[in-house]
Amino acid sequence: MKVKMILPALTEATSPFWRPIKYSLFPPLGLATLAAYLRADDEVEIQDEHVERLNLDDTPDLVVIQVYITSANRAYRLADHYRRRGAHVALGGLHVTSLPDEAMPHADTIFLGPGEDTWPRFLADFRRGGSVASGPTLATGAAPHGAAVYRSEIRTLVGVPPIRRDLIKRHLYLVPNSIVVSRGCPHVCDFCYKEAFFEGGRSFYTQTVDAALAEIERLPGRHLYFLDDHLFGNPRFARALFDGMRGMGRLWQAAGTVNAVLAPNLLERAVACGLRSLFVGFETLNSTNLLEQRKFQNLRRDYGEAIRRLHDLGVMINGSFVFGMDGDDASVFERTVEWAIERGIETATFHVLTPYPGTALHARMAAQRRITIHDWDLYDTRHAVFRPARMSAGELEAGYRRAYRDFYRWGSILRGARAHGGAMRGLRHAAYAAGWKKFEPCWDLVIRARRAGMMLPVLETILTEFGKRGADVSTSVVDRHEMLGASTKDAGRFGVHRGAGERRSPCSHAAEDTEPQCLPCSRSS
Ligand code: B12
Ligand code: SF4
């Protein structure tokens, strides 16, 4: 069987404002996950339109398209194209799950929720002769025009086959070693995609620690980027994973919450096994906004203390902030940027609040008739698609753009550098922030020359230098903690071999006190 898997690019990809660096970071892990369920004799190709021109002249038997909100229009055009050519078109992903009725007319089969249970079931049905609409338990019946709907019900990562990384064109990505070892998140924020996507089943679950460690072992080089929504979301799993990673010599980046950063002895374990930079969802400095968005886990948390803890352990921070919540007026931009600079946050990702269909935020705004734009192309967190409460949509968009400009001015970078209170640390801050934003045209040149993969050794070298002192401190803290008897008792519970870390060669990056710097790798700044 000939299978074509496509990650379409958002419409912006063809615009002069296209920023290659932002979209050449991570390979399409979701599609590579699904490809693992195909047979060895299937002919399969993954094409990612963010990094390559699609070949649309082929004639696959089965076309699989992953649909995000910002690429939905493009995805539907591609689906229509392949249906005209006689292929069976399967659509899935976040946007299809939120708006199945919209996706149906463009597909032969649609998939709601994660694909680990529905996709293999569909494949079996399809191979039996294409009668997918009557799939026994999961196909929930035919839509008016005949598309079948497969709805995910069984939520587990136990026993999933290894991701088909051989199908990923590693040289086209700046961060080819991205990895996810869990799905979802234990929290419930109103603006997040999570509740809609995982509706009807568990919305947070992890691999076994053994499986996660095995996946890490399969990745070449040293650098890893965990794309989990909240790698620290299950502290017992996280502790066992970090203990298992000790001695592997990895350098890694991930996302976490303020809460997780403040949790005792979790961050130290992460640093001891190679954490060098963390994407932290601060989102807003206003507690009324946190309440409004039900981001309770950030309420009454000491953001300043979280930042100090990260910096003391040598972890670089990418702070995430959302503008446009009902408590925000036009002063929010300057206040937030100043706060971040004064605390020496190295990089920041700003977003305009965006009501994704299926979220509680969307339902609330729709009920209040505040949604003004329905073109999905503009749901990219750069446009105000709703009427803000305390400023105009124009002010919100202009303020968002100004926040980026102000945060990355040379003056701001230098002020942020001074906030670290030490020459070498300050230098690291300046090198990091400037390296990301000020030299973006250089990155773009490398990417356009299809040499993105060449930058991985550079990234690894930089991260090796970054945070050595923190790694030393955290290693000794963790060791002390274990000597006191609080060792890896969680490991067995999650299926990790006891002492997995000890089996591996000792960490080679735990000695000198050189000033570190690091390439920023924000998820979507
Ligand atoms: C990495 C990432 C990116 C990367 C690259 C994306 C990529 N290569 O896949 C970059 C930086 C380019 C990016 C950009 C953006 N992103 Co982004 N990104 C992510 C992130 C952090 C991880 C994606 C991932 O790899 N997940 C792990 C894999 C295993 O899961 P998966 O991809 O969802 O695939 C599974 C299922 O969805 C399903 N599935 C998917 N497709 C199909 C198809 C079929 C047929 C079947 C059966 C199943 C199926 O099966 C897979 C296995 O279970 C997610 C958050 C998240 N946790 O998903 C946000 C996320 C997807 N991004 C989001 C957004 C908003 C954006 C941007 C608009 C941000 C911006 N401000 O510009 C842009 C635009 C993206 C676009 N091209 O349109 C939102 C999407 C909201 C929505 N409703 O669509 C998310 C959910 C973040 C969030 N919390 O809001 N992103
Ligand atoms: S903490 Fe992050 S991933 Fe989790 S529900 Fe909130 S916004 Fe979503």
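Me: Which residues of helix α6 (residues 118-127) are buried?
Reply: In α6, Thr 118, Trp 119, Phe 122, Leu 123, Asp 125 and Phe 126 are buried. Buried means under 20% relative accessible area, exposed over 50%, and partly exposed in between, with a 1.4 Å probe and protein chains only. Helices (H or I, at least four residues) and strands (E, at least two) are DSSP runs, numbered from the N terminus. One caution: this is a predicted model, where local features need pLDDT of at least 70 and side-chain atom pairs count only at pLDDT 80 or more, while totals for chains, interfaces and linings use all residues. Residues are numbered from 1 along each chain as its sequence is written, and side-chain values use heavy atoms, with hydrogens and water left out.

Me: What do they pack against?
Reply: β1 (2-7), α2 (29-35), β3 (62-66), β4 (88-92), β5 (109-112) and β7 (148-151). Contact here means heavy atoms within 4.5 Å.

Me: Take Leu 123. What does it touch?
Reply: Leaving out residues up to four places away in sequence, Leu 123 touches Met 1, Tyr 37, Leu 38 and Leu 62. At 4% relative accessibility, Leu 123 counts as buried. Its C-alpha lies 10.0 Å from that of Arg 39, 84 residues away along the chain.

Me: What comes just after α6?
Reply: Gly 129, with a positive phi of about 135 degrees.

Me: Which non-glycine residues have a positive phi?
Reply: Arg 369, at about 55 degrees, is one of them. Thr 381, at about 65 degrees, is another. Arg 369 is in the loop between α15 (360-367) and α16 (393-407), and Thr 381 is in the loop between α15 and α16 too.

Me: Is Arg 369 buried or exposed? And Thr 381, buried or exposed?
Reply: Arg 369 counts as exposed, at 70% relative accessibility. Thr 381 is buried, with a relative accessible area of 17%.

Me: New topic. How many residues are in the largest nonpolar core?
Reply: 95. Leu 91, Phe 226, Leu 241 and Trp 252 have the most contacts inside it. A nonpolar core is a set of buried Ala, Val, Leu, Ile, Met, Phe, Trp, Tyr and Cys residues joined through side-chain atoms within 4.5 Å.

Me: Where does that core lie?
Reply: Domain 1 (2-112 + 118-151) and domain 2 (176-468) both give residues to this core, so it lies between them. The domain bounds come from an automatic or database assignment. Another core lies apart from it, with 41 residues, including Leu 25 and Ala 452.

Me: What about aromatics, how many pairs?
Reply: 27 aromatic pairs. Rings of Phe, Tyr and Trp (its six-membered ring) pair if their centres lie within 6.5 Å; planes under 30 degrees apart are stacked, over 60 edge-to-face, the rest tilted.

Me: What kind of pair do Phe 282 and Tyr 303 make?
Reply: Their centres are 5.1 Å apart and their planes at 55 degrees, so the pair is tilted. Phe 282 is in strand β13 (residues 275-283) and Tyr 303 in helix α13 (residues 303-312), 21 residues apart. Both are buried.

Me: Last one: how many disulfides?
Reply: 0 in the whole structure, taking a disulfide as a pair of cysteine sulfur atoms within 2.5 Å. Cys 273 counts as buried at 1% relative accessibility, while Cys 192 counts as partly exposed at 26%.

Note on methods: Chains lettered and ligands numbered in written order.
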